[in-house]
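Morning, everyone. I have one structure to go through today, so please keep the sequence and the model in view while I talk.

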Amino acid sequence: MKRWITLYLSLLLLAVLTACGQTENTEQTPATDPPASEEVTEVNTKENTKDNTDMDTNPDAWSGATFVDCDLQPVSVSASTDTAYDELIERFRALAVNPYGFPTADGAGEQNFLIIAQEMGEGWGYEPSDMIGYAIQDLNDDGVPELVIGPTREYGAYLIALFTLVDGKPQLIFGEVGDGSYAYLQDGRFFYSGYHSASEIGQGFYHLTDDGTALICDEFYFVQILDGDESDVTVYYNTTGSWDIEDSQEADMSLEGFWAWEPEYEYLSMIPFSATD
């Protein structure tokens, strides 16, 4: 699993460094001692982190956390929901089968998907369509099933893209180049891990809004490592997903605790794209 996380995060850094004109990645925060009165601020869907409402607030104590060994079963979805996502599923299946055959793919989340599919295929030596799949599930119990694109459980928990339905049409929640990576926890909550630049790394908790169309930051932690020097690095914290030190406070977290941070993810029951041929 650590191998997949390392690969995925390097892909995220590659995306940040190669995406010209991309908007600034949004905020994330892993907190240990949140302020007495915290405002939970809604952020752009490209901001990625997760919610930590029912977990120990001391990240240093989580360094040995494991993945939840269970499959969440897809919800029963109506024919109209199936139809609404069918075209999108077929499109991503085609991208997974031939990730080098779509140099101008510009649909929602497609460029990010192609970067990851290409790197996964080269890094693991398997067909991306066998490694990546989809699931349709209502993640936040709002009555609208989301379409999740991500690796099958053998290859990790970090998702590639997430869509919901707005007026019956798919809308991307996260999955563009530079969005960072999210792993699902439960009850519409996600853990974010990603790069803002080559020297800025962040982690934190986000949750879906009530209508499921965006992510809200709950806790976000980040570090700035200049010139690879970790001798005097401070972990910063906020609840807005900001990467700005002036908008943050020093967190009660060591750098070692930051690197070791790994909450319990939950695996979704992904259908490999190779099974939809």
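Predicted model: local features only at pLDDT ≥ 70, side-chain atom pairs only at ≥ 80, totals over all residues.

Let me begin with Arg-93, which at 15% relative accessibility counts as buried, because the cut-off for that label is under 20%. Arg-93 has a partner: a salt bridge links the Arg-93 side chain to Glu-90, with 3.0 Å between the closest N and O atoms. Both residues belong to helix H2, which covers residues 79–97, and they sit three residues apart, about one turn of the helix. Is Glu-90 buried or partly exposed? At 38% relative accessibility, Glu-90 counts as partly exposed.

How many salt bridges does the structure hold? There are two. The other pair to look at is Arg-91 with Glu-110, whose side chains meet at 2.8 Å, N to O. Here Arg-91 is in helix H2 while Glu-110 is in helix H3, residues 110–124, so this pair ties together parts 19 residues apart in sequence. Arg-91 comes out as partly exposed, with 29% relative accessibility. Glu-110 is buried, at 6%.

Staying with helix H2, the next residue is Ala-84, which is also placed there. Ala-84 has 19% relative accessibility, and therefore counts as buried, the limit being under 20%. Leaving aside residues up to four places away in sequence, Ala-84 touches Leu-165, Gly-168 and Pro-170.

Strand S5, residues 161–166, is mostly covered, with five of its six residues buried. On one side of the account is strand S3, residues 146–151, which runs antiparallel to S5 and is joined to it by three bridges. In that pairing, Val-148 stands opposite Leu-162 of S5. S5 also pairs with strand S6, residues 169–174, again in the antiparallel sense, over five bridges. There, Phe-163 stands opposite Leu-172 in S6. The hairpin of S5 and S6 has two residues between the strands, and Asp-167 in that hairpin takes a positive phi near 55 degrees.

Now the nonpolar core. Which residues have the most contacts inside the largest one? This core has 27 residues, and the ones with the most contacts inside it are Phe-92, Phe-113, Ile-132, Leu-147, Ile-149, Phe-163 and Phe-273. At least two core residues come from each of H2, H3, strand S2 (132–137), S3 and S5. H2 gives the largest share, seven residues.

Not counting residues up to four places away in sequence, Ile-149 touches Phe-92, Phe-113, Ile-132, Gly-133, Tyr-134, Leu-159, Ile-160, Ala-161, Phe-163, Met-270 and Phe-273.

To finish, the chain as a whole. The protein chain has five helices and 14 strands. It has 277 residues, of which 56% count as buried. Taking contacts between residues at least 6 apart in sequence, 65% join residues at least 24 apart. The accessible surface of the chain comes to about 12,000 Å², and 46% of that belongs to carbon and sulfur atoms. That is what I have.

Terms used: Residues numbered from 1 in each chain as written. Heavy atoms only, no water. Salt bridge = Lys/Arg side-chain N within 4 Å of Asp/Glu carboxyl O. Helix = DSSP H or I, 4+ residues; strand = E, 2+ residues; numbered from the N terminus. Buried < 20%, exposed > 50% of the residue type's maximum accessible area, 1.4 Å probe, protein only. Pairing = 2+ DSSP bridges. Core = buried A, V, L, I, M, F, W, Y, C linked by side-chain atoms within 4.5 Å. Contact = heavy atoms within 4.5 Å. Areas by Shrake-Rupley, 256 points an atom, 1.4 Å probe, with all protein chains shown as cover.
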